[in-house]
Amino acid sequence: LQKLGSTDISQEEVNFTREAFLSTYDVTGDGKIDVYELATIIMPPDENFLFAFHRRHPLDSSVEFMRLWRKYDVDCSGCINTQELKNFLKDLMEQAQKQVSDEELDGYTTTMLELFDKNKDGNLELQEMARLLALRENFLLQLKDSAKSPEERKADFEKVFAYYDESKTGSLEGVEVDAFVKDLMDLIKPNLTMQQVEAYKEAILKHVDKNKDNKLQKRELALCLGVRL
C-alpha cells in the first residue's frame, strides 16, 4: 500500500486489504498465497495455464515422474536444462491444443526457471522439477509406522510393490526402480539430486539384486525394506 502512494495506513486498513486479497486469490483457503495462486495474479493467461494445468492434474505416481524425467533429460546430465524444459512446455501446450510461438515458449521457459530454479543455475534439479509438476506425497511414508504388526507391514508392502510395479511384470525395472530408489532415499536425505539417486540405485542393486538383472524382484524389494515375506 505504501508503494501505491498510501502514506498514512492504519493496521485496520492493512487487515482489511489482506482479507480482501485472500478472499479473492486464496483458492485453498489456508490463509496463504502459494506459488500457484500467485501465478493467477502476476502471469499472463497462457503462462498461468501452465500452473492451472498441473494444479488440476498433479502427478500421483513417482514412476510417471521418473518416466517424464528420463524422457526430457535428453543429454542425461542429471538436470533439466533450458532447452529440455522448453521441449517439455511445448509438449504440454500441444497436449492442451494451445498454439504458441517459439518466442512465447522462450518467455514461458524463463518464467518457470525464475519460479522453480532455486539455486539459479539455469537448470531444474530433480526436486525443483517435482515441485513444478506438483508430485504428490512420497508413497513410502505408508511404511514409516514402526508400531505396526508384521501382518500390517506385509500388507503395506504389497501395496508398495503394486504401486511401483506399474508394468505388472512381477518385478521393478527401469523407471520403476528409479522411482523406488528416489522415494526411499528421500525419506532419509530430502532434496536428492539425480546423480545421488543414480549412486544409491547402484548401491542398492549391488546389495539386493541377487540375479544381477538390474531389476528388483518382490523378495529383493522386501529385503531392501526389511520386510519378511
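Serine 171 lies in strand S1. The model is predicted.

Q: Is serine 171 buried or exposed, and why?
A: A residue counts as buried when its relative accessible area is under 20%. Serine 171 has 5% relative accessibility, so serine 171 counts as buried.

Q: Which residues does serine 171 touch, leaving out those up to four places away in sequence?
A: Serine 171 touches Phe161, Asp165, Glu176, Lys215, Leu216 and Gln217.

Q: Where does threonine 169 lie?
A: Threonine 169 is in the loop between H8 and strand S1, which spans 171-172. With a relative accessible area of 46%, threonine 169 is partly exposed.

Q: What is the phi of lysine 168?
A: Phi of lysine 168 is near 55°, a positive value in a residue that is not glycine. Lysine 168 is in the loop between H8 and S1, and at 59% relative accessibility lysine 168 counts as exposed.

Q: Where is asparagine 214, and what is its phi?
A: Asparagine 214 is in the loop between helix H10 (194-208) and strand S2 (216-217). Phi of asparagine 214 is near 60°, again positive in a residue other than glycine. Asparagine 214 is exposed, with a relative accessible area of 55%.

Q: How are two packed helices described, and at what angle do H8 and H11 pack?
A: The description of two packed helices uses the angle between their axes and the distance between those axes. Helix H8 (residues 150-164) packs with helix H11 (residues 218-225) at an angle of about 120°, and their axes are 11 Å apart.

Q: Which residues make the contact between H8 and H11?
A: H8 supplies Arg153, Phe157, Glu158, Val160 and Phe161, and H11 supplies Lys218, Leu221, Ala222 and Leu225. By class, this contact has 6 nonpolar residues, 3 charged residues and no polar ones.

Q: How many disulfides are counted?
A: A disulfide needs a pair of cysteine sulfur atoms within 2.5 Å. By this rule the count is 0. As for accessibility, cysteine 79 is buried at 12%, and cysteine 224 is partly exposed at 23%.

Terms used
Residues are numbered from 1 along each chain as its sequence is written. This is a predicted model: local features need pLDDT of at least 70, side-chain atom pairs count only at pLDDT 80 or more; totals for chains, interfaces and linings use all residues. Side-chain values use heavy atoms; hydrogens and water are left out. Buried means under 20% relative accessible area, exposed over 50%, partly exposed in between (1.4 Å probe, protein chains only). Axes are lines fitted to C-alpha atoms, for helices over the stretch in contact, and angles run from 0 to 180 degrees between N-to-C directions. Helices (H or I, at least four residues) and strands (E, at least two) are DSSP runs, numbered from the N terminus. Contact means heavy atoms within 4.5 Å. Ala, Val, Leu, Ile, Met, Phe, Trp, Tyr, Cys and Pro count as nonpolar, Asp, Glu, Lys and Arg as charged, and the others, Gly among them, as polar.
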